[in-house]
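Hi,

Here is the structure I said I would pass on.

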Amino acid sequence: MNDTMMQALQQEKHAWALRHEMGFPADAKLTPSIEFGTGGAIDGGIVRELVLRAMERDQDIIYEGQAHTGKSGPREYLAVMRNQHLIHIFRCRPWSGDSNAPIILVSECGKVTIRLGSDGAFECLAGAPSDLAGGHCRALARIERVAAETRTRIKTHTSQPRASEV
């Protein structure tokens, strides 16, 4: 397996781990209104592709991208969320209050929290929890642990924007 394939497999494992730690059962298919995606660093082309995909497929999307060169963190997260008339785009950070609670996503601006609702769809709530830095570190550690424990190629319902369209 070459470096590119190994990197893609690692991204896939991390996206699956995030999905799992947000509360989606490991063996369950996502609802048609939700998609997880992985790929390159978040830029204007990726954002455009994700917005078009959300509109065309009527889906909310959580996208995990590689960090830009020179950035300290290994990954970036973007939530593309729909409501009746608009598409909202949030740069997010995973957050965990403790080791048992599902991971949530908190917008970098701290104004929106995204979590899995009881109906299997995402809920956007106003505000953010306290201890953002500590909760972010806990969430990343959980994602890393679950991704590392995943030994085989995962058949997730994730996708990558096509390079030809970006």
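**Salt bridges**

The count comes to 12 salt bridges, taking a salt bridge as a side-chain nitrogen of Lys or Arg within 4 Å of a carboxyl oxygen of Asp or Glu. Before the details, a word on the ground rules: this is a predicted model, local features need pLDDT of at least 70, side-chain atom pairs count only at pLDDT 80 or more, and totals for chains, interfaces and linings use all residues. Residues are numbered from 1 along each chain as its sequence is written, and side-chain values use heavy atoms, with hydrogens and water left out.

One of the salt bridges joins Glu21 and Arg142, with the closest N and O atoms 2.6 Å apart. Glu21 lies in helix 1 (residues 3–21) and Arg142 in helix 3 (residues 132–149), so the pair ties together parts that are 121 residues apart in sequence. When I say helix or strand, I mean DSSP runs numbered from the N terminus: H or I of at least four residues for helices, E of at least two for strands. Are the two partners buried or exposed? Glu21 is buried, at a relative accessible area of 10%, and Arg142 is buried too, at 8%. (Buried is under 20% relative accessible area, exposed is over 50%, and partly exposed is in between, with a 1.4 Å probe and protein chains only.)

Glu144 counts as partly exposed, with 37% relative accessibility.

A local case is Glu149 with Arg145, whose side chains meet in a salt bridge at 3.7 Å, N to O. Both lie in helix 3, four residues apart, which is about one turn of the helix. Arg145 is partly exposed, at 42% relative accessibility. There is also a network of salt bridges linking Glu35, Glu49, Arg53 and Arg57.

**Overall layout**

The protein has three helices and eight strands, and along the sequence they follow the pattern α-β-α-β-β-β-β-β-β-α-β. Of its 166 residues, 43% are buried. Among contacts (heavy atoms within 4.5 Å) with a separation of 6 or more, 58% are between residues 24 or more positions apart. The accessible surface comes to about 9000 Å², and 53% of that belongs to carbon and sulfur atoms; the areas come from the Shrake-Rupley method with a 1.4 Å probe, and for residues only the protein chains shown count as cover.

**The nonpolar cores**

A nonpolar core here is a set of buried Ala, Val, Leu, Ile, Met, Phe, Trp, Tyr and Cys residues joined through side-chain atoms within 4.5 Å. Which residues touch the most other members of the largest nonpolar core? They are Leu18, Met22, Phe36, Ile114 and Phe122, out of 23 residues. Two or more residues each come from helix 1, strand 1, strand 3, strand 4 (87–95), strand 6 (112–116) and helix 3. Helix 3 gives the most, with four residues.

Leaving aside neighbours within four places in sequence, Leu18 is in contact with Phe36, Ile62, Tyr77, Pro94, Ile103, Leu105 and Ile143. A second, separate core has nine residues, including Ile46, Ala54, Ile61 and Tyr63.

**Aromatic pairs**

The whole structure has three aromatic pairs. Rings of Phe, Tyr and Trp (its six-membered ring) pair if their centres lie within 6.5 Å; planes under 30 degrees apart are stacked, over 60 edge-to-face, and the rest tilted. Phe24 and Phe122 have ring centres 6.0 Å apart and planes at 85°, so this pair is edge-to-face. Phe24 is in the loop between helix 1 and strand 1 (34–39) and Phe122 in strand 7 (residues 122–126), 98 residues apart. Phe24 is buried at 7%, and Phe122 is buried at 10%. Ring pairs link Phe24, Phe36 and Phe122 into a cluster.

**Two single residues**

Thr113 is in strand 6 and is buried, at 8% relative accessibility. Residues that Thr113 touches, beyond those up to four places away in sequence, include Cys124, Gly127 and Pro129.

Leu52, in helix 2 (residues 44–57), is partly exposed at 35%.

Best wishes
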